[in-house]
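The following exercises are to be worked with the sequence and the model in view. Each task is followed by a solution in steps.

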Amino acid sequence: MSGSVPQPAEPGVPSSAEPAEPAEPVAPVSHLDRTGAYLGPTGAAAVAVAARATPARWRLLLRRATFWIGAGILLFWVVCAIFGHLLAPYDPLAQNLLAANTPPSGAHWFGTDPLGRDVLSRVITGARDILIITPLATILGTVLGTALGLAMGYFGGAFDAVAGRLVEAILALPFVIIAFLFVVALGASVASITIIIALVFTPLIARTVRTAVLVERHMDYVPAARLLGEKPARLMFGEILPNILPAILVEFTVRIGYAVFAVATLSFLGFGIQPPTPDWGADISANYIYLVSGYWWQTLFPALAIATLVTGVILIADSIEQVLAA
């Protein structure tokens, strides 16, 4: 019986019995990143997806009611901080002992304190210093904490161990103790309070950033960038940092809320803004002893100011976190 014996097909060459399936279309995505390094088809697709996802996430954030509520509250207090001297019905420092401890009325909507000062005027103008200190302190703490966390997560080894022990030692101390030591050394002023809160936030943010860097350090693009000869600073700040920005953004917004409490706490304990400057924490400290006498408005309205500002910041932070996690 004659006939040709079928030969096995070569690898990669389709046989005549099984027609080759058409190749899937490849998206026209550049395989080069911003530095000109080769990404490969998978990396290029990931870059394209990320580029499309970012605007979509921000659009999703703008659809959230909680974000707009928080932004509205924050905007209200920002307006009070900028234009408080125009919005306050009275001079917040003017004393009128004949009108001391006046309850809320048409003349004084939030009543007066024991020195006859208008509580509403002090609440409105008291937003200025707290909205100067909190963002500056949070920005400074985020920058320092991010730099420290990047170094700890990237280099690891002995540097991570030593820096980690120092971070844990600082975090083990109560905030009030650290603040007291710095206030004694630097004095109580807007600049010193800003530095104190920033230094307290630095190890907290560094710990979060370090955790994110440890995850990114094992991604394929990190050893690839090393093979291309990128310097550690370029790799940390140019490659790893953009990929952990969402975590840093959430940490930043959350820390602003904590900064409001920190400023109010320092003022309440006498380490913050000094009287007679309008300050929510200082006013609560000076007037809460009069609650037993029935003068509740002197403490309630500054406390509500702190609560509303923190609530607005938390609503914004929660909205950003949920959108980025989607």
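**Exercise 1. Overall architecture**

Along the sequence, the chain follows the pattern α-α-α-α-α-α-α-α-α-α-α. The model is a predicted one, in which local features need pLDDT of at least 70, side-chain atom pairs count only at pLDDT 80 or more, and totals for chains, interfaces and linings use all residues. Numbering runs from 1 along each chain as its sequence is written, and side-chain values use heavy atoms, with hydrogens and water left out.

Task: state how many helices and strands the chain has, and describe its burial, contacts and surface.

Solution. 
1. The chain has 11 helices and zero strands; helices (H or I, at least four residues) and strands (E, at least two) are DSSP runs, numbered from the N terminus.
2. Of the 326 residues, 38% count as buried. Buried means under 20% relative accessible area, exposed over 50%, and partly exposed in between (1.4 Å probe, protein chains only).
3. Contact means heavy atoms within 4.5 Å. Among contacts between residues at least 6 apart in sequence, 70% join residues at least 24 apart.
4. The chain exposes about 18200 Å², of which carbon and sulfur atoms supply 70%; accessible areas come from the Shrake-Rupley method with a 1.4 Å probe, and for residues only the protein chains shown count as cover.

**Exercise 2. The cavity**

Task: determine which residues line the largest cavity and which helices supply them.

Solution. 
1. On a 1 Å grid over the protein atoms alone, a cavity is a set of points where a 1.4 Å probe fits but cannot get out; lining residues have an atom within 4 Å of a point. Grid points are joined across faces, edges and corners, and a volume is the space filled by probe spheres set on the points.
2. The structure holds one cavity of 30 Å³ or more, and the largest cavity has a volume of about 50 Å³.
3. Its lining consists of Asp113, Val119, Arg122, Val123, Asp283, Asn287, Gln298 and Pro302.
4. Helix H3 (119-125), H10 and helix H11 (297-325) each supply at least two lining residues, and H3 gives the most, with three.
5. The lining divides into three nonpolar, two polar and three charged residues. Here Ala, Val, Leu, Ile, Met, Phe, Trp, Tyr, Cys and Pro count as nonpolar, Asp, Glu, Lys and Arg as charged, and the others, Gly among them, as polar.

**Exercise 3. Aromatic pairs**

Task: classify the ring pair of phenylalanine 110 and phenylalanine 301, and that of tyrosine 154 and phenylalanine 155, as stacked or edge-to-face.

Solution. 
1. Rings of Phe, Tyr and Trp (its six-membered ring) pair if their centres lie within 6.5 Å; planes under 30 degrees apart count as stacked, over 60 as edge-to-face and the rest as tilted. A search of the whole structure finds 11 aromatic pairs.
2. Phenylalanine 110 and phenylalanine 301 have ring centres 3.9 Å apart and planes at 5°, so the pair is stacked.
3. Phenylalanine 110 lies in the loop between helix H2 (65-87) and H3, and phenylalanine 301 in helix H11, so the pair ties together parts 191 residues apart in sequence.
4. Phenylalanine 110 is partly exposed at a relative accessible area of 23%, whereas phenylalanine 301 is buried at 15%.
5. The rings of tyrosine 154 and phenylalanine 155 have their centres 5.1 Å apart and their planes at 85°, so this pair is edge-to-face.
6. Tyrosine 154 is buried, with a relative accessible area of 9%; phenylalanine 155 is partly exposed, with 46%.
7. Phe110 and Phe301 also belong to one aromatic cluster with Tyr295, Trp296 and Trp297.

**Exercise 4. Surroundings of single residues**

Solution. 

**Exercise 5. Backbone features**

Solution. 
1. The bond from proline 275 to proline 276 is cis, with omega near 5°; proline 276 is in the loop between helix H9 (232-268) and H10.
2. Asparagine 101, although not a glycine, has a positive phi of about 60°, and is found in the loop between H2 and H3.

Notes: On a 1 Å grid over the protein atoms alone, a cavity is a set of points where a 1.4 Å probe fits but cannot get out, and a pocket is an open set with protein on both sides within 12 Å along at least five of seven lines; lining residues have an atom within 4 Å of a point.
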